[in-house]
Amino acid sequence: MSEVALAKQQPVRRKKTKIEFASIVGFLILLIVTIAMIMPLGFMLSTSLKTTKEMLVFPPTVIPKHFAWDNFKELFVNEEIKFGRQYLNSIIVAIATVIGTVFSSSFVAFGFARYKAKGSQFLFVLVLSTLMLPYPAIMIPQFLLFTKLGLHDSLLPLILPSFFASAYMIFLLKQFFTSIPNELYDAGRIDGCKEIRLYWNLTLPLSGPVIATVAIFSFIWSWNDLLAPVLYLDSQENFTLPIGMAAMLSSKFRIAPWNLMMAASLLSVLPIIVLFSIAQRRFVQGIVLTGIK
Amino acid sequence: MRMKKGKLALSLTLTFGLIATGCSSGGGKEGKESKEGETVTITHYTIDSPDRTFVEKLIPDFEAKHPNIKIKVTKAPYEQFDSKLQSSIAAKNSPDVTSHWGYGGFMEYYNKGMLMDLTPYLTGFSGADYDIPEDVMNIYKVDGKTYGIPLNSYVTVMLYNKDLFDKAGLKYPPTDYEDKSWTFDKMVDYAKKMTVDSKNLADAQYGVDFGFGERDQRPQYFGANVYSDDTWTNGGKPSEIRLTKPEVVEAYKKIYGLIYDQKVSPTPAFSKSVSGQFGDPFLSGKIAMSVVGSWSLAASSDFSFNVGVAAVPQGPNEKVRSVLYVDPLFVLKDSKHPKEALEWIKYLITAEVQEKSIELSGGNPPVNQKAAEKYYNNFEGIDPEQIKQVFEGAYKYGFESYNHLISNYSQINELFINELASVENGDKKVEDALPVIEGKLKDLLARVNK
């Protein structure tokens, strides 16, 4: 009995060993890929802690000889850089853009998803066709409009358009909203729910994953946007992070302050990492449910 | 539920309101339509870089001396300088004063009709009053009309790594342009002695990086011209392209021969490896001599090696040994206050302000020759007399940068960069690449100079 048991156990043990070996290989591959992916980040961190002189040394040092923590302080105290102000401006614009995009786009998407009227399909295609318009095509008319409204050199031209919905987000949200069963809406109506409450109390609470996706996308787009801020903003106190960081490399007459640039880059990716880690589960769920990759 | 809805509406309104009041600076241009005696605002548009934005520190003094004129400085990063300027002009929101600090040059601005003719406002104005040499003043004149007032004048210099010279036991190159023993061939000989042509990046070092002007101007050093002579008199529009002429082909062979025949200059791959995408490989300490714009001097105190400055060696062209980069200030055509804009420009070129600007900018070379003395004393570890000698020689044997003189230069320059990349990388021969560039350049000029 025991021999039989041993004979039976052996192949199992061998199989187990095979799995472990495969796991080790897989783990090693993953480790190599991870190191390769982390290396630029490591280089960024290392450069951010170097002095200007050490930054120019070739071959570059991996670990700085003297940790120049002052680089981070320099970003905030240097009057020529105004990094703190730019950081705050970027946060204001990104948060306001997220609020604007989520509410306006979800409202429009709700209409397209729930109501069938004559020409609604045509209107939807019309909205989608605006996706084909590159920003430079509407740049000058929009610039003229906001200048006439006296909003030039303020953050409003960067925020206001998000309150008039985004075609891409409407498409994303509509896909999700159409998947919510009609029976739920019927039940709501029977219970005396008005249309606006069907949107507010039923659709939005059921759409967490897609709302998280829209919020993250619009935050990242706004956070990284350079062209529109360059166009509208003139004064340094109104600049957002992308302009401020591009300006660090502006002068061909000086050595580019790569150490400060890397310190600024590290700080600028923080909000996106924080946002993504908070909303990660819902974000992935949203991508799976809407089929967006 | 109604309460919640109300709260939401209130918070949205507040968010909007706060942003609107907190972020808006009022916008619009103050004083645009002001009458005589009223305060006007002049917009000075510049790249967002400390060596340009320092003018903000001069504003209180200027405004105290000119109570009727306010100065507003607007900025954009270098890469976006041109696009923002074009958009502002298209939207009738053009600044008053600026320069060609982006990719475009004077002739491009001039041919696009962006610049105001300053001649009617310059009665009684003379460059000599501001110690600006006559030939420098003439650079921005077309058909006798003045379109720009010079502000800073950079030249091409040779920087060398003293440590590498000492290690090789070589004498430092001279600063005197009249010392005719300092020739291109001698430079190549020196370069050979200091070159370590190794595949190992840590061991490799090169003798010379010959960055004389932009790629289309480089043959000028060898006495060959890519463009016909009428280019300099007809608004920067060449009637003939001479890229396939034997002397031009020979010049390019000499330039790229430094990399692949003589092997004394770094390949683009080496340069990028030691200095990143846009950096200067000379800063890595692995290049012995670098022919470069004098702006590189401004950072000399940050170099990790001892640096010296020398004359660009005598080449086959006896008249041209340096490229001049004279940065002017323009008044844009849509400016409603050219007189006041000109007052601001005049203030910036006075000896006192130019001297102050050297310090504030971190080393911008003044166009005012009275202030130049102070500039020569500005560089730690380099003898002021040597810098003075190099600058004076460069002015004497200088030719203005093509960038400032040729129309639609940003497109032309991009074509040269893209098409010559295969030659620089060693994938194509000069004689194969030049006919292709000539064809494309002719097409481009026919299109843009219609």
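Me: What makes two residues count as a contact here?
Reply: Two residues are in contact if their C-beta atoms, placed from the backbone, lie within 7 Å. The model is a predicted one. By that cut-off, 39 residues of chain A and 40 residues of chain B take part in the contact.

Me: Which helices of chain A supply at least two residues each to the side that touches chain B?
Reply: They are α2 (52-55), α4 (83-114), α6 (135-148), α7 (156-159), α12 (227-232) and α13 (241-248). The largest share, five residues, is that of α6(A).

Me: What does the domain assignment of chain A give?
Reply: Domain 1 covers 2-48 and domain 2 covers 71-290. Four residues from domain 1 and seven residues from domain 2 make up the contact between these parts of chain A. On the domain 1 side, two residues are nonpolar, two are polar and none is charged.

Me: Why does B:Pro266 count as buried?
Reply: A residue is buried if 20 or more other C-beta atoms lie within 10 Å of its own. B:Pro266 has 27 such neighbours inside 10 Å, so B:Pro266 counts as buried.

Me: Where is B:Pro266, and which residues is B:Pro266 in contact with, leaving aside neighbours within four places in sequence?
Reply: B:Pro266 sits in the loop between α9 (246-260) and α10 (268-275) of chain B. With those neighbours left aside, its contacts are B:Tyr206, B:Asp209, B:Ser271, B:Pro281 and B:Ile287.

Terms used. Residues are numbered from 1 along each chain as its sequence is written. Chains are lettered from A and ligands numbered from 1 in the order in which they are written. This is a predicted model: local features need pLDDT of at least 70, side-chain atom pairs count only at pLDDT 80 or more; totals for chains, interfaces and linings use all residues. Domain bounds come from an automatic or database domain assignment. Ala, Val, Leu, Ile, Met, Phe, Trp, Tyr, Cys and Pro count as nonpolar, Asp, Glu, Lys and Arg as charged, and the others, Gly among them, as polar. A residue is buried if 20 or more other C-beta atoms lie within 10 Å of its own, exposed if 12 or fewer, and partly exposed in between; C-beta atoms are placed from the backbone.
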